[in-house]
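Take a moment with the sequence and the 3D view.

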Amino acid sequence: QVQLVESGGGLVQAGGSLRLSCAASGSIFRLRTMGWYRQAPGKQRELVATITTGFATNYADSVKGRFTISRDNAKNTLYLQMNSLKPEDTAVYYCHDFVYWGQGTQVTVSS
C-alpha cells in the first residue's frame with residue numbers, strides 16, 4: 001500500500017511563507033522521483049516542482065526563485081518551502097510519486 005500524506009497547508013498573508021510536507025509510506029521512497037502539483041478551483045492541475053532520486057530539481061516558472069523542493073530520504077518525506085507567497089499561489093497542493101497522489105493540503109494566500 002502506497003500512501004502519500006500532505007500536511008502544512010493553511011492561511012497566510014501575501015509575502016508570507018509556508019512549508020509543506022509529504023510523508024510517504026509503502027514504497028521505496030529514495031528510488032522515486034517526487035513532485036508537487038497544485039490545483040485551483042476550475043483550473044487544471046499543474047506541476048509546481050519535481051525532485052529526482054539524484055536530488056536534481058525543476059520548477060514551474062511561476063514559482064522559480066520563491067519555492068524550494070527538497071527531500072529527506074531517511075525520513076521518507078518530501079518538502080516544499082514556499083516563500084514570498086502570492087494570492088495566485090492559492091490552491092490545493094498535492095504530493096505525487098508519478099503513480100499515486102496524496103489527498104492534498106489547502107494553501108490560501110490572502111492579499
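Start with a term: a residue is buried if its relative accessible area is under 20%, exposed if it is over 50%, and partly exposed in between. Keep in mind that this model is predicted.

Now find strand S7, residues 67-72. Which of its residues lie on the covered face? They are Phe 67, Ile 69 and Arg 71. Thr 68, Ser 70 and Asp 72 make up the uncovered face. Here is the general rule. Side chains in a regular strand alternate between the two faces of the sheet.

Next, look at the partner of S7. Strand S8 covers residues 77-82, and six bridges join it to S7. The two strands run antiparallel. Together S7 and S8 form a hairpin, with four residues between the strands. Among the residues of this hairpin, Asn 76 takes a positive phi near 50°.

Step over to the six-stranded sheet. It is open, and its order is S2-S10-S9-S4-S5-S6. The pairing is mixed. Which strands stand at the edges? They are S2 (10-13) and S6 (57-59). Each has a single partner strand, so one side of each has no neighbour in the sheet. From one strand to the next, the twist averages 25°. Follow S6 to its partner. Strand S5, residues 46-51, is joined to S6 by three bridges, and the two run antiparallel. Ile 51 has Thr 57 in S6 as its bridge partner.

Now step back to the whole protein. How many helices and strands does it have? There are zero helices and ten strands. Read from the N terminus, the elements are β-β-β-β-β-β-β-β-β-β. Along its principal axes, the C-alpha trace spans about 40 × 25 × 25 Å. A compact globule of 111 residues would have a radius of gyration near 13 Å, and the protein agrees because its value is 13 Å.

What about the inside and the surface? Of the 111 residues, 39% count as buried. The protein exposes about 6,000 Å², and carbon and sulfur atoms supply 47% of that area.

Finish with the aromatic rings. A pair of such rings is described by the distance of the centres and the angle of the planes. The whole structure holds three aromatic pairs. One of them is Tyr 37 with Phe 98, which is edge-to-face, at 6.3 Å centre to centre and 70° between the planes. This pair links distant parts of the chain. Tyr 37 is in strand S4 (residues 34-39), while Phe 98 is in the loop between S9 (91-96) and S10 (105-110), 61 residues apart.

Is Tyr 37 buried or exposed? Its relative accessibility is 15%, so Tyr 37 counts as buried. Phe 98 is partly exposed, at 38%.

Tyr 37 also pairs with Trp 101. That pair is edge-to-face too, with 5.0 Å centre to centre and 75° between the planes. Trp 101 lies in the loop between S9 and S10 and Tyr 37 in S4, so the pair ties together parts 64 residues apart in sequence. Trp 101 is partly exposed, at 37% relative accessibility.

Definitions and conventions. Residues are numbered from 1 along each chain as its sequence is written. This is a predicted model: local features need pLDDT of at least 70, side-chain atom pairs count only at pLDDT 80 or more; totals for chains, interfaces and linings use all residues. Side-chain values use heavy atoms; hydrogens and water are left out. Buried means under 20% relative accessible area, exposed over 50%, partly exposed in between (1.4 Å probe, protein chains only). Two strands pair if DSSP finds at least two bridges between them. Axes are lines fitted to C-alpha atoms, for helices over the stretch in contact, and angles run from 0 to 180 degrees between N-to-C directions. The radius of gyration is taken over C-alpha atoms; the globule rule is 2.2 Å times the number of residues to the power 0.38. Accessible areas come from the Shrake-Rupley method with a 1.4 Å probe; for residues, only the protein chains shown count as cover. Rings of Phe, Tyr and Trp (its six-membered ring) pair if their centres lie within 6.5 Å; planes under 30 degrees apart count as stacked, over 60 as edge-to-face and the rest as tilted.
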